[in-house]
Amino acid sequence: MPRKTVIIGGGAAGLGSAGGVKAADPEADVVVYTQYEDVAYSPCGIPYVHGGEIPDFERLFLAGKQAYVDAGIDVHYETEVTAIDTAAKTVTVTGEGVVPYDNLIIATGWNYADPGVPGGDLGGLYYVKNIRKAMEWDKVISETKSAVVVEAGPLGLEMVTALAHRGVETHLIDPSPYALSMMADPDIMAPVEESWRELGVHLHFNTTLEAFIGGSDGLGDADGKVRAVRTSGGEIAADLVVISTHKTPENTLAKAAGIKLGSTGGMIVDERMKTSAPNVWGAGDVVEIPHGLTRTPLQGLTGSHAYAQGKTAGTNAGGGDRTYRAVYVPWGTPAGKWVIGGASFGEATATALGIPYVKGEAQGISRARYYPDVQPVKVKLLAEPGTLRLIGAQMVGGGEGIKERADFLAQAIRFGMTLHDLSTMENVYSPAIGALNEPIVVAATNGVASARSAGGARIETARKA
Ligand SMILES: Cc1cc2nc3c(=O)[nH]c(=O)nc-3n(C[C@H](O)[C@H](O)[C@H](O)COP(=O)(O)OP(=O)(O)OC[C@H]3O[C@@H](n4cnc5c(N)ncnc54)[C@H](O)[C@@H]3O)c2cc1C
């Protein structure tokens, strides 16, 4: 009898897991449960279809349903798992009853945090996730005059730009003083905010959401739809509200089954993605993973993390051997007319965590200064005082190379490179694709110089004392 692996979740983590099991054990019986109508589409592309950069939703599908049948992966669509019994090694499935497993992979993902204000049951509140719903919402966007985006998280950034590109009067509200404050620094976000203003976006920072106002407010609008958002700064008219609150782990099943959760609410897993329960593995946004420098648990990373974790969980559930390391979190996204990115800590997050740093900055260019369409690239590097070991990076620029620099700098952090190492690194110079002076090298050189002068100042002070 082939061993049976049940996977709860058809997102990046669930499908990565299914592939991992099959690669390790081609004879394995693999069953995937998902609440959705589809698997194997990229939710990451949804904001770009809304924005008009991608012409249709069909392009977001990576593979048809038959591809999974052919691969021997039995996907049960629109099917909910309602309970897990880790002692009996069974799951309870709506419409199927009690289903046994040899190995279970929990990849139930994430939800947007509940905004927790009155009016949450009104129509017109859009939680961007499911592609079928996105197709319907896209028609709503075509009719929308004014929209509010709630919170400037990664998805909020993309939706602000998308709505503005669609000609919708767009308002962004966020309780922080600037956008993406949980990851990025204010100086990185300043050009982005400026470019949103150029697009006509209204930015409301230091502004708290108080209520969604509409049909149920007793003010005569009885169609049950939102017509405004009440905030600490006043009321904003809106016929569409995009909710972009932070991601919370969908841990209901795991919690009820007694599987150990960490401080973030994500399942605790070891480096083989094994949970606290026998024969139960976890992957994706429902687990927490330690940061490589601080060991701080992180939950709600990205689709690429979820997929790689799924591969690891699946390989191990299938009898193979694969480990998943602590993370150094390269990130990047278009925002307004710029691209922003980084790795590990910025000044804001380092300060919040009480991590001391020295920094080096450079304002460089993406290709030779005389080559058409040359773009600015700002690089900021953070390093541990004394050793000058890299602990973080932040960037903003015209797009070219931000992603590659973020990936590289995350590796540099992982392997303990210092500002000295980076200041002497070799780089490609070719007018159409890269400038003579690589901005990373210049930022590292500046960082070494400023650390020296700060050290010199400290020695000087000590001598005088
Ligand atoms: C609009 C949008 C843009 C994004 N952009 C990016 C990007 O640019 N880059 C990037 O790397 N990532 C991006 N992501 C990915 C995202 O941020 C997550 O990291 C990713 O979705 C996590 O995958 P997951 O498989 O862990 O969870 P999910 O995608 O949440 O999948 C969870 C799965 O579990 C199923 N499930 C949950 N509970 C049950 C149950 N009880 N029974 C049966 N099935 C259940 C769900 O139906 C679903 O199939 C984006 C996502 C969205 C929605």
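Colleague: What percentage of the 465 residues in the protein chain do buried residues make up?

Modeller: A residue counts as buried if 20 or more other C-beta atoms lie within 10 Å of its own, as exposed if 12 or fewer do, and as partly exposed in between, with the C-beta atoms placed from the backbone. By that rule, buried residues make up 46% of the protein chain. This is a predicted model, in which local features need pLDDT of at least 70 and side-chain atom pairs count only at pLDDT 80 or more, while totals for chains, interfaces and linings use all residues. Residues are numbered from 1 along each chain as its sequence is written.

Colleague: Why does Gln 35 count as partly exposed?

Modeller: Gln 35 is placed in that class because it has 17 C-beta neighbours inside 10 Å.

Colleague: Which residues is Gln 35 in contact with, leaving aside its neighbours within four places in sequence?

Modeller: Two residues are in contact if their C-beta atoms, placed from the backbone, lie within 7 Å. With those sequence neighbours left aside, Gln 35 is in contact with Glu 78 and Glu 80. The C-alpha atoms of Gln 35 and Val 81 are separated by 8.6 Å, although these residues are 46 residues apart along the chain.

Colleague: What are the spans of the C-alpha trace along its principal axes?

Modeller: The C-alpha trace of the protein chain spans about 75 × 60 × 50 Å along those axes.
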